[in-house]
Amino acid sequence: MKAISIKEPGGPEVLEWTEVDDPVPADGEVVIDVVASALNRADVMQRMGLYPVPPGTSPYPGLEVSGRISAIGDGVTGRRIGDEVCALLTGGGYAQKVAVPAGQLLTIPKGIGLVEAAALPEAAATVWSNLVMTAGLKEGETFLMHGGAGGVGTMAIQIAKALGARVITTVGGPEKAARARELGADLTIDYREQDFVEHGPYDVVLDVIGGRYLERNVTSLAGDGRLVIIGLQNGLDGRLDLADLVFKRASVHGTTLRTRSADVKAAIVAEVRDRVWPMIENGAVRLVIDRTLPMADAAEAHRLMDTGKHIGKILLVND
């Protein structure tokens, strides 16, 4: 088969479409013939050498796919060759085939095409596990999403709104602001012109930026507020006022989905299937896809993501 390999840490030009060995399903795994994958910020960090691949994981980028099951390992039940599925991965999605634990498979929601379904697993699992399972967002609370125009942001806005929260998001520019409002955001804040702290307090903040946002995020929290940091686009270092944290009875969580165990991922995937898929099927949550490109053109897709001009997901499609 072919897969996108990373020659060395660097820019998009280090991505190569090369011949590699076919995956073989281990016990409890299936192999998927990949129809499509989707870009995530973690793929960019891996390409740049800033995100070490977990031990025993495929070296190829790609944290989600859609496709058809082509091989089934021992111990897998309830799945058949030819089943159309999407899946949450620990890596290896930029390829023609990928092996994945059966617990991380999802059926395709009704009304969603097989290609488009590749945009769902990582964003849905990231948002649900952090917004609900970690932060416990409740109806009537105020939620701030940093970066509301990305794949995670567009999903988070809609899920939070479906849960009955007041939704505020930071965006970069009027086009992204308009799209966020279409998806249900009650207020958009252009981070280049406004300070999000002034529009608080927030009960829950989901942060993909990290770095210098840490102190301001905590300042903006309400009493008993929860900050969940899931990205480090602005770097690794931030200042934290412990008095502010203590007197607000606030909490700060740092999480990543990729390094969690297969059992934990399976539990998250089960909740996504039971709680998020109905939202998609009844129209409360819509897919937001910026564009699709051939899998072999992954470098061009990464160049687009590096500009930050996209809205929603960028998909890579196999012929």
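Predicted model: local features only at pLDDT ≥ 70, side-chain atom pairs only at ≥ 80, totals over all residues.
A residue is called exposed when its relative accessible area is over 50%, buried when that area is under 20%, and partly exposed in between. By this cut-off Arg-249 is exposed, because its relative accessible area is 52%.

Arg-249 is found in the loop between helix 6 and strand 13. Its backbone has a positive phi of about 55°, although the residue is not a glycine. The side chain of Arg-249 forms a salt bridge with Asp-224, and the closest N and O atoms of the two are 3.0 Å apart. This pair links distant parts of the chain, with Asp-224 in strand 12 (residues 221-229) and Arg-249 in the loop between helix 6 and strand 13 (251-254), 25 residues apart. Asp-224 likewise has a positive phi, near 65°, in a residue other than glycine.

Helix 6 itself comprises residues 242-247, and Leu-242 is found in it. With a relative accessible area of 55%, Leu-242 is exposed. Together with Leu-240 and Val-252, Leu-242 forms a nonpolar patch on the surface, and the three residues have about 230 Å² of accessible area together. A further salt bridge joins the side chains of Lys-248 and Asp-244, at 3.5 Å from N to O. Both Lys-248 and Asp-244 are buried.

The bridges described so far belong to a total of 15 salt bridges found in a search of the whole structure. Another of them is formed by the side chains of Lys-313 and Glu-64, with an N to O distance of 2.5 Å. The two residues are 249 residues apart, Lys-313 in strand 15 (residues 313-317) and Glu-64 in strand 4 (residues 64-72), and the pair thus links distant parts of the chain. Lys-313 and Glu-64 are both buried.

The largest cavity has a volume of about 60 Å³. Its lining consists of Ala-119, Ala-123, Gly-151, Thr-154, Met-155, Gln-158, Arg-286, Leu-287, Val-288 and Lys-313. Helix 3 (residues 151-162) gives the most to this lining, with four residues.

Helix 2 (residues 121-134) is largely enclosed by the rest of the structure, because eleven of its 14 residues are buried. Helix 2 is followed by Gly-136, whose phi is positive, near 65°.

Beyond helix 3, Ala-165 lies in the loop between that helix and strand 9 (166-171). Ala-165 is buried, because its relative accessible area is 4%. The C-alpha atom of Ala-165 is separated by 42 Å from that of Val-14, and the two residues are 151 residues apart along the chain.

The open spaces of the model include the second largest pocket, which has a volume of about 460 Å³. It is lined by 28 residues, and the closest to its centre are Gly-56, Thr-57, Ser-58, Gly-91 and Ala-99. Strand 6 (97-101) and helix 7 (262-281) each supply at least two residues of the lining of this pocket. The largest share, five residues, comes from strand 6. The lining of the second largest pocket divides into twelve nonpolar, nine polar and seven charged residues.

One further backbone feature remains. Gly-200 and Pro-201 are joined by a cis peptide bond, with omega about 5°. Pro-201 is found in the loop between strand 10 (187-190) and strand 11 (202-207).

Methods. Residues numbered from 1 in each chain as written. Heavy atoms only, no water. 1 Å grid on protein atoms, 1.4 Å probe; cavity = no way out; pocket = protein on both sides within 12 Å on 5 of 7 lines; lining within 4 Å. Points joined across faces, edges and corners; volume = space filled by probe spheres on them. Nonpolar A, V, L, I, M, F, W, Y, C, P; charged D, E, K, R; others polar. Patch = residues over 30% accessible without salt bridge, like charges linked within 9 Å, V, L, I, M, F, W, Y side chains within 5 Å. Areas by Shrake-Rupley, 256 points an atom, 1.4 Å probe, with all protein chains shown as cover. Salt bridge = Lys/Arg side-chain N within 4 Å of Asp/Glu carboxyl O. Buried < 20%, exposed > 50% of the residue type's maximum accessible area, 1.4 Å probe, protein only.
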